[in-house]
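Please have the sequence and the model at hand while reading.

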Amino acid sequence: MTELLERPLVLPCGLTLKNRLIKTATAEGLSDRFGRPTLRLLRLYKQWAASGASAIITGNIHVDSNHREQWRSLVIDTHGSPARFKILTQRVRREHCALIAQLNHGGPQTPNDIHHHPFSPSDSKPPWYFLDYNPARAMSHDEIESVIEQFSSAARFCHNAGFSGVQIHAAHGYLLSAFLSPAWNHRTDKWGSNATDRARIVIRIIEGIKNQTNHQFAVGIKLNCRDFIKGGTTEEDCAETVRLLCDAGADFIEISGGSYLTMAMSGQKAVKSSAYFADYLPKIRQQCSVPLLLTGGIRDKETIDRLLGDHTADLIGMARPFCLVDRPIALLRAGKTLPGKAPCSSASKAWRGSLRRLLPSLATLDHYREQAWFADTLHCKSRHHPTLSALSPKSALNAFYQREEQHRRDAPQYTLNAWWGGRITESIANTALVIPVSCFEQFFCDVLKQCQLNLGKENQHEDFKRALNSLIEEESAHSAKHKAMNKALSEMGYPVEQLELQIEKHLNALRRKPLDYQAAYVAAAEAQIAEVSKRILAKHKLYQDMHPPWRHFLVEHASDEIQHQWVSEALVEHMDVPRWTRFKATVDFNLYSLLKLRYGVWMLCRSRQFSRVKSTQILLSTEWILWSGHKPLGMAWLKGAADALKLIPKIKSQP
């Protein structure tokens with residue numbers, strides 16, 4: 001065993017590996033808010049570099065910040081400084097260990113709080129129980145070319161930062177894996193009509209990297225031997241892809257399998273407890289002319305001896321054992337079996353196995369919990385005094401989501417497309433609130449102008465006249481700004497016109513009513529808007545998750561909305577509107593605004609092609625956000641109605 005595992009290997013590019021043991025990729029989740037390495041990540045990699053492995057393949061380093069697998073993943077900004085990455089490579093190479101950057105693009109497995117409508121080779125929908133993922137849209141030719149350039153530029157960045165090479169992640173259901181899979185790639189153009197075309201994007205990336213780096217810079221590929229889904233990649237497909245990639249200049253190929261749909265990479269589809277994918281290698285081995293790296297469930301000396309001895313694999317990859325023990329190679333020398341499972345893992349309980357095969361959502365939850373426990377262990381090991389996580393897998397998953405939530409709030413956002421409100425429920429609720437505003441503001445402006453004419457200048461106090469003119473001007477300006485927002489949303493595919501059409505039907509019905517009724521309706525609306533503004537300015541959850549331009553716009557004008565509430569109330573008093581008319585108008589507005597928001601949420605969900613189950617879940621989550629917390633936003637409707645009817649005392653803000 002010592003002779004085989006510790007024998008050096010020279011890759012085709014000339015990079016020498018001191019032995020055959022590779023520390024393969026793990027999602028560390030230890031970047032800063034800009035996706036750069038942190039001090040804790042440096043500590044972790046220093047431990048791994050001293051573990052005896054010949055090379056470390058990093059966790060996902062994403063080439064596009066808007067398509068990453070989690071908020072705390074590393075991201076390469078090709079226009080930024082490589083200084084922190086240089087420190088990382090220096091610390092690892094100081095231990096005579098090669099460091100290889102795994103470059104990735106999340107594609108259809110980009111969470112919906114990072115990108116609401118991610119890229120995919122063809123239009124696709126996730127299973128109903130994947131609530132963290134949205135339907136993905138087919139990429140255009142220009143977008144594909146842009147992704148190729150992103151990978152090439154990121155590799156050049158890594159080369160300049162001192163990495164020994166890169167590994168292109170084309171497995172586990174991410175973007176490049178989706179291009180290679182017949183189940184995901186239904187294109188009929190040059191990017192998907194056959195096996196050669198499906199591999200074209202990866203071949204172009206390899207060629208681009210080779211053109212932008214020197215000949216000693218390693219370029220590896222990570223592939224699925226099988227997707228383990230109906231119509232997905234088979235070992236025959238993988239073998240053909242391997243042949244094409246070897247011809248394109250790949251220096252090594254790592255074989256894994258599955259995606260987040262099947263969790264095969266963690267052994268969910270394995271027929272045996274070790275070397276999950278070894279049985280799929282014979283056909284692949286025949287077509288592979290470069291070193292083959294096998295990962296997945298390899299834990300003991302006998303398995304390693306067999307894989308290396310019969311040339312099934314040239315390199316052995318491990319990830320979880322490096323998270324659990326300091327020097328796996330020393331334990332292997334002693335003939336011990338390496339650990340690889342989280343304690344108290346529900347997946348390890350035999351009596352639940354059949355239930356999880358029947359209900360894939362439970363298997364997914366098991367995988368997430370176990371992954372979260374390892375993520376928490378990496379957090380613990382990156383401290384000054386490394387330890388394993390003391391949490392259960394269930395508690396670790398809660399801790400993971402809390403870290404993601406905090407990092408999401410801290411992460412800079414540059415485009416509306418990347419934002420869409422952060423968490424999917426908050427984003428849809430915000431969008432459903434914003435779209436109708438321009439229609440209502442234009443209606444309010446028209447009503448106020450008519451009331452101003454009907455009252456006559458002699459019946460208007462000077463202060464009231466100035467305030468009314470100011471309110472009309474502001475409503476007109478606000479309406480124009482909201483129309484610009486709606487135009488941007490419409491260009492992104494939101495059903496703006498459909499929602500506006502429904503609102504216009506309601507407003508046209510109002511225009512046929514007497515002017516005093518319309519004035520009472522405006523007063524009820526202003527009372528509610530003022531109350532909503534107070535709650536949002538008090539840092540309501542929806543305010544925290546708003547798109548920055550909307551939030552800045554709201555902060556700028558919310559105080560004006562509160563101050564001008566008295567103007568609409570004074571207008572109703574000047575017009576001597578009957579109390580019964582005010583009551584009907586107030587009920588009319590509050591009922592419609594409540595229903596309008598729910599209708600907007602549902603339409604937005606359906607426009608994103610969400611399933612009915614997911615749409616209902618988001619609708620219920622919206623209700624929880626509106627009615628929970630210290631100052632629930634839903635109470636603004638009730639209090640606004642009471643204020644409009646003068647059922648409770650209130651203080652009017654005078655100019």
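**Surroundings of Ile 255**

Beyond its neighbours within four places in sequence, Ile 255 is in contact with Leu 223, Cys 225, Cys 238, Phe 277, Leu 281, Ile 284, Leu 292, Leu 293, Leu 294 and Thr 295, where contact means heavy atoms within 4.5 Å. The model is predicted: local features need pLDDT of at least 70, side-chain atom pairs count only at pLDDT 80 or more, and totals for chains, interfaces and linings use all residues. Residues are numbered from 1 along each chain as its sequence is written, and side-chain values use heavy atoms, with hydrogens and water left out.

**Nonpolar cores**

- Ile 255 is among the residues with the most contacts inside the largest nonpolar core, together with Leu 103, Phe 163 and Leu 223; this core has 103 residues.
- A nonpolar core is a set of buried Ala, Val, Leu, Ile, Met, Phe, Trp, Tyr and Cys residues joined through side-chain atoms within 4.5 Å. Buried means under 20% relative accessible area, exposed over 50%, and partly exposed in between (1.4 Å probe, protein chains only).
- Another core, of 34 residues, lies apart from the largest one and includes Leu 507, Ala 523, Ala 570 and Ala 585.

**Cysteines**

- The chain has zero disulfides, a disulfide being a pair of cysteine sulfur atoms within 2.5 Å.
- Cys 225 takes part in no disulfide, and the nearest cysteine sulfur, that of Cys 238, is 6.4 Å away. Cys 225 is buried, with a relative accessible area of 0%.
- The sulfur of Cys 246 lies 4.2 Å from its closest cysteine sulfur, in Cys 288, which is too far for a bond. Cys 246 also counts as buried, at 11% relative accessibility.

**Helix α3**

- In helix α3 (residues 83-93), the buried residues are Phe 85, Leu 88, Thr 89 and Val 92. These residues are on the same side of α3, because they cover an arc of only 95° around the axis; the arc is that of the directions from the helix axis to the C-beta atoms.
- The cover over these buried residues includes α2 (39-49), β4 (55-57), β5 (61-62), β6 (74-75), β7 (98-104) and α4.

**The chain as a whole**

- The protein chain has 27 helices and 14 strands. Helices (H or I, at least four residues) and strands (E, at least two) are DSSP runs, numbered from the N terminus.
- Of the 655 residues in the protein chain, 59% are buried.
- Among contacts in the protein chain with a separation of 6 or more, 73% join residues 24 or more positions apart.
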